[in-house]
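Good morning, and thank you for making time for this presentation. Please look first at the sequence and the model on the screen, and I shall then go through them part by part.

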Amino acid sequence: GILCEMEASHNQADYVIIGIGVNVHQREFPEEIREIATSVDLELEASSHRDMDGNVNHAKASRQAIDHQIWREFLRLYQKFKETEDLTLLLEEYNQRLINRNKTVRVLNPKGEYEGTSLGIDAQGNLFVQKKDDSIVKVDSGEVSVRGVYGYV
């Protein structure tokens with residue numbers, strides 16, 4: 001999971017704090033997320049191949065290698081961001097990987113909560129959500145959640 005917090009003034013970000021959590025060696029999950037949660041080790045096991053004797057070789061993830069790769073990828077993306085100071089160079093890649101694209105999301109906004117279909121983001125990071133009445137809303141603040149939408153609480 002990723003959680004970001006930002007302090008802004010005068011239409012400019014003063015700072016951004018990014019917290020990233022990765023399930024690496026976790027093997028069990030609470031019942032309410034058991035069907036959708038995973039870990040790096042579990043994914044490696046799922047993709048393991050049998051050797052000539054029929055034995056499965058289970059690779060164990062290296063936290064250090066994962067940390068290193070996360071930082072490399074973060075720096076790659078940040079360099080692209082710095083070129084235009086927006087998400088222009090990242091839009092296509094981001095929208096292709098947006099896990100909730102074309103899926104139902106719940107928007108928790110001080111002006112009111114509603115559900116709609118996530119369509120993708122623009123160069124400023126605004127998420128476009130198509131509401132049930134077919135109107136399209138640009139979400140630039142608030143929280144977008146899937147809690148309660150797919151049984152995840």
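The quantity called pLDDT is the predictor's confidence in each residue, on a scale from 0 to 100. What we have here is a predicted model, and its chain averages a pLDDT of 86, with 86% of the residues scoring at least 70. Within the chain, confidence is highest in helix 3, at 95, and lowest in strand 7, residues 143-145, at a mean of 69. Where pLDDT is low, the predicted coordinates should not be read in detail.

Let me turn to the strands. Strand 4, residues 114-121, pairs with strand 5, residues 127-131, in the antiparallel sense over five bridges. In this pairing, Gly 116 stands opposite Lys 131 of strand 5. The two strands form a hairpin with five residues between them, and Gly 125 in the turn has a positive phi of about 90°. Strand 5 also pairs with strand 6, residues 136-139, again antiparallel, over four bridges. Here the bridge partner of Val 129 is Val 137 in strand 6. Four residues separate the strands of this second hairpin, where Asp 134 takes a positive phi near 75°.

Which residues make up the largest nonpolar core? There are eight: Leu 98, Val 105, Val 107, Tyr 114, Ile 121, Leu 127, Val 129 and Val 139. Strand 3, residues 104-108, as well as strand 4 and strand 5, each supply at least two residues of this core. In soluble globular proteins, nonpolar side chains tend to be buried together.

I come now to helix 3, residues 91-97, where Asn 95 has its place. Is Asn 95 buried or exposed? Its relative accessible area is 10%, under the 20% limit, and therefore Asn 95 counts as buried. A polar atom of the Asn 95 side chain lies 2.8 Å from the backbone nitrogen of Ile 121. Not counting residues up to four places away in sequence, Asn 95 touches Arg 101, Gly 120 and Ile 121.

Next, the charged pairs. The structure holds seven salt bridges. One of them joins Glu 45 and Arg 27, with the closest N and O atoms 2.4 Å apart. This pair links distant parts of the chain: Glu 45 is in helix 1, residues 40-46, and Arg 27 is in the loop between strand 2 and helix 1, 18 residues apart. Glu 45 is partly exposed at 28% relative accessibility, and Arg 27 is partly exposed at 45%.

A salt bridge also joins Arg 106 and Glu 115, at 2.6 Å from N to O. Arg 106 is buried, with a relative accessible area of 17%, whereas Glu 115 is partly exposed at 24%.

In helix 3, Arg 97 and Glu 93 lie four residues apart, about one turn of the helix, and their side chains meet in a salt bridge of 3.8 Å, N to O. Arg 97 is exposed, with a relative accessible area of 64%. Both residues belong to a network of salt bridges that links Glu 73, Arg 76, Glu 93 and Arg 97.

Finally, consider Ile 70 in helix 2, residues 63-84. Beyond its neighbours within four places in sequence, Ile 70 is in contact with Ile 20 and Val 22. Ile 70 and Ile 20 are 50 residues apart in sequence, and their C-alpha atoms are 9.3 Å apart in space.

Methods
Residues are numbered from 1 along each chain as its sequence is written. This is a predicted model: local features need pLDDT of at least 70, side-chain atom pairs count only at pLDDT 80 or more; totals for chains, interfaces and linings use all residues. Side-chain values use heavy atoms; hydrogens and water are left out. Buried means under 20% relative accessible area, exposed over 50%, partly exposed in between (1.4 Å probe, protein chains only). A polar contact is a pair of N or O atoms within 3.5 Å; within protein, one must be able to donate a hydrogen and the other to accept it, and residues adjacent in sequence count only if both atoms are side-chain atoms. Contact means heavy atoms within 4.5 Å. Two strands pair if DSSP finds at least two bridges between them. A nonpolar core is a set of buried Ala, Val, Leu, Ile, Met, Phe, Trp, Tyr and Cys residues joined through side-chain atoms within 4.5 Å. A salt bridge is a side-chain nitrogen of Lys or Arg within 4 Å of a carboxyl oxygen of Asp or Glu.
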